[in-house]
Amino acid sequence: MPSPTQSRHALDAASVVTDDGYEQRPQIVVGRHMVDVSQPQFTWRAIVVGLLFGTLLCFSNLWFGLQSGWISMMSLQSSLVGFAVFKALEHVLDVPFGPAENVVLQSTAVATATMPLAGGFVGILPALKLLEESESNGARTVLNFGQLCAWGLALTFFGVFFAIPLRRQTIIKEKLRFPSGTATAQMISVLHKRPDPTLADEQLLAKTSATAINGATHGRGSSVRRRGTVVMADIVSDDSQVDDDDEVQTDYRPADDVKWVTKLLILFVSFTMSGIYALLAHFFPVIAALPVFGRRAYTDWAWNLMPSLSYAGQGIIMGLPTCVWMLVGSVVGWGILSPLAKNEGWAPGPVTDWKTGSRGWILWISLAVMIAESIISLGLISTKELLQALGRLRAFYNKRKASSTLLSQPPDDVTTPDTLGQSVDDDTGVPKAAQIVADADLDEVDPRFLVPAWVTWGGLAASTLLCMGVVKALFDIPMYNTLIAVVLALPLAVLGVRALGETDLNPVSGIGKVSQVVFAGIMPGNLVGNLVAGGIAEAGAQQAGDLMQDLKTGHLLNASPRAQFIAQIIGSVFSVFVTAGAYLLYNKVYSIPGPQFPVPTAQVWLDMARLVNGHPLPPHVWPFIAAFSVLFALLPAAAVVVKSSGKEFVAVGPWSVRTSTLLRWWPSGIAFAIGIYNTPNFTLMRAIGATSTAAFTEAVVSHRKRSSADGSAVLSGQGEAFLRRKIAMLAIILASGFVLGEGTFSFFILLAQAFAA
């Protein structure tokens, strides 16, 4: 066995540096997907750093989740911080830190970071605490450390095991985008000076089409190999691009060419600034609630400004369209509906009271909006999935029929390889060369790098039994009901994964609500069982979605799916104990729910459980629920109609708007609902962060355009797109520092208070 030093020399000798400064290394090729065997796929050093950074992210997510229900994966940030750590240590490392290790590191960090949501620590568990004694029917509603750990482990595994078989369909066959996973792969590629992994896919499609139509090969990038496979290294080393008549060539440069040291400096400075704000807000609480709209608006209607850099950072990450609709929801909920309910006597209590105040009254409208949009969206996804399944069955039937016809033909009628490039399939109209490449795309990586089937299905069965046993022990829910909850969670997780792959949004909240509706019929009157069933569905969709994003990153970077699976399991198990301890610490120091941590998502879960189990609605809220439900049920359906029209521009009143722009700004029911159930101070800073970033971006682009007009610079259409991507990447890093700074400093303040008590 070679020594680490020999291994490093072997890797250095095997790697090749191209003219543009990118590294290429030997890879095992199976189909189109290759596994880079020149670098370690799984290392404990990557796991340890991922756990450490993921723990900080977990503390931050728990803080903001209890405050406003916001959780972030932070996969981009994990890859950047991990790279910086090992870059600083590169002179003492025997084996360099490579992209595959970075994939494992960020997979571990994400699994550790998202447990507050996947384990129900920011929703289900606080909702159980809010149950009145008459509603719990004697069931346990407050858990100690051991019980919290058992609960977390019960929800941790089945979603992860179930995600493994989904990988082949969604990533290998259908090639769903999974935007966050793709962006993380691009970030890691830039950090490690590798070609943009998405470049290969786009050039492959362009060059393969040209080959099929013209019957010729253009450059190294379209070389057809055994069984129609194309070697990715050939594509990324080719500087030429397909020039099809007057078609504008695509800019394939990385989304960001800023040095990693600059990125890390931005992250450190923003982290420090946000941490300083957290300290100041702790010692001088008055600065956390500025009455910028007047004293009466502050005291009577809960309108104030909380100048938190962390919430400005959240707005930057969410994006301007989301924050705009969140702000609209806040204005409608807290500026119109809340005063209406208060002045009409429908909600006579204090405005911020969940039970008798207008806050609890408008929450029902927020819940109705989320349910309406979620059900329609999931219904549309289900319909699309059904149609695609029928299409696959038809294609399979046509393929079998064509094979039978081919075998019955005389040899002279069979298309030879020499004429394959110019022939077209009669059933599909697709060039046969393109079909060969498409079939090759279905090839999987070497089985050595896959999770064995016995592990997948055995683990799914074992994790289901674990969930059934733990839920029975903790809440005395019959095991067959828990089995039904898990079985129901699996197809809902499929819908969540598909939505995530196409839109980058995992509708876990809506998925949980669907489960609650079903279990209102299975266990009528059992609010504890209803909440637990919703938590199981949410956990399955959350864990499966997180792993699918990571698997997309690994697929683009030629990493081992087995290594990522192990990293996900390690991160999730570790985070169960970390999150359980932190959750108990928060409950010891703060009143949860309380002024500091209102836990709005817990109120949403609880109100949904009460609603589907026959509890009455507040007075006069039903007409508003009906109106907003109809509106936000129609909007997703209308968006599908607009998208499927195929038109580049659509008429909006007297204006003609680009379809992509219209869909980008299409009303978001979830964002609107969040604006209602969160107090305005959270929404205002998010809107300020998103608006400031958008204004800065436009100012920089306009300045560059003016410089172009003066002749001092040239900013083409592609150059503008590249500049916008560059600014967006730096803005995300800045925002991440803002979020992490306040979350981390606040947790250490919490520790100081706990030990001082």
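Biologist: Is F42 buried, partly exposed or exposed?

Modeller: The model is predicted, and the class is read from the relative accessible area. F42 has a relative accessibility of 28%, so F42 counts as partly exposed.

Biologist: And W44, buried or exposed?

Modeller: The cut-off for exposed is over 50%. With a relative accessible area of 57%, W44 is exposed.

Biologist: What geometry do the rings of F42 and W44 have?

Modeller: The structure holds 22 aromatic pairs. In the pair of F42 and W44, the ring centres are 5.4 Å apart and the planes stand at 80 degrees. Planes over 60 degrees apart fall in one class, and therefore F42 and W44 are edge-to-face.

Biologist: How many residues apart in sequence are the parts that W346 and F624 tie together?

Modeller: W346 and F624 form a tilted aromatic pair, 6.0 Å centre to centre with 55 degrees between the planes. W346 lies in the loop between helix 15 (320-343) and helix 16 (358-408), while F624 lies in helix 24 (residues 622-644), so the separation of the parts they tie together is 278 residues.

Biologist: The charged end of which residue sits over the ring of W605?

Modeller: The test asks for a charged end within 6 Å of the ring centre. Here the distance from the centre of the W605 ring is 4.0 Å, and the residue is K513.

Biologist: Which helix supplies the largest share of the lining of the second largest cavity?

Modeller: The second largest cavity has a volume of about 40 Å³. Its lining divides into eight nonpolar residues, three polar and no charged. Helix 19 (479-503) and helix 21 (527-556) each supply at least two of the lining residues. The largest share, four residues, comes from helix 21.

Biologist: How far apart in space are A281 and S308, C-alpha to C-alpha?

Modeller: A281 is in helix 12 (residues 260-283) and counts as buried at 16% relative accessibility. Beyond its neighbours within four places in sequence, A281 is in contact with I287 and A288. A281 and S308 are 27 residues apart in sequence, and their C-alpha separation in space is 8.9 Å.

Key
Residues are numbered from 1 along each chain as its sequence is written. This is a predicted model: local features need pLDDT of at least 70, side-chain atom pairs count only at pLDDT 80 or more; totals for chains, interfaces and linings use all residues. Side-chain values use heavy atoms; hydrogens and water are left out. On a 1 Å grid over the protein atoms alone, a cavity is a set of points where a 1.4 Å probe fits but cannot get out, and a pocket is an open set with protein on both sides within 12 Å along at least five of seven lines; lining residues have an atom within 4 Å of a point. Grid points are joined across faces, edges and corners, and a volume is the space filled by probe spheres set on the points. Ala, Val, Leu, Ile, Met, Phe, Trp, Tyr, Cys and Pro count as nonpolar, Asp, Glu, Lys and Arg as charged, and the others, Gly among them, as polar. Buried means under 20% relative accessible area, exposed over 50%, partly exposed in between (1.4 Å probe, protein chains only). Contact means heavy atoms within 4.5 Å. Rings of Phe, Tyr and Trp (its six-membered ring) pair if their centres lie within 6.5 Å; planes under 30 degrees apart count as stacked, over 60 as edge-to-face and the rest as tilted. A charge sits over a ring if NZ of Lys or CZ of Arg is within 6 Å of the ring centre and within 35 degrees of the ring normal.
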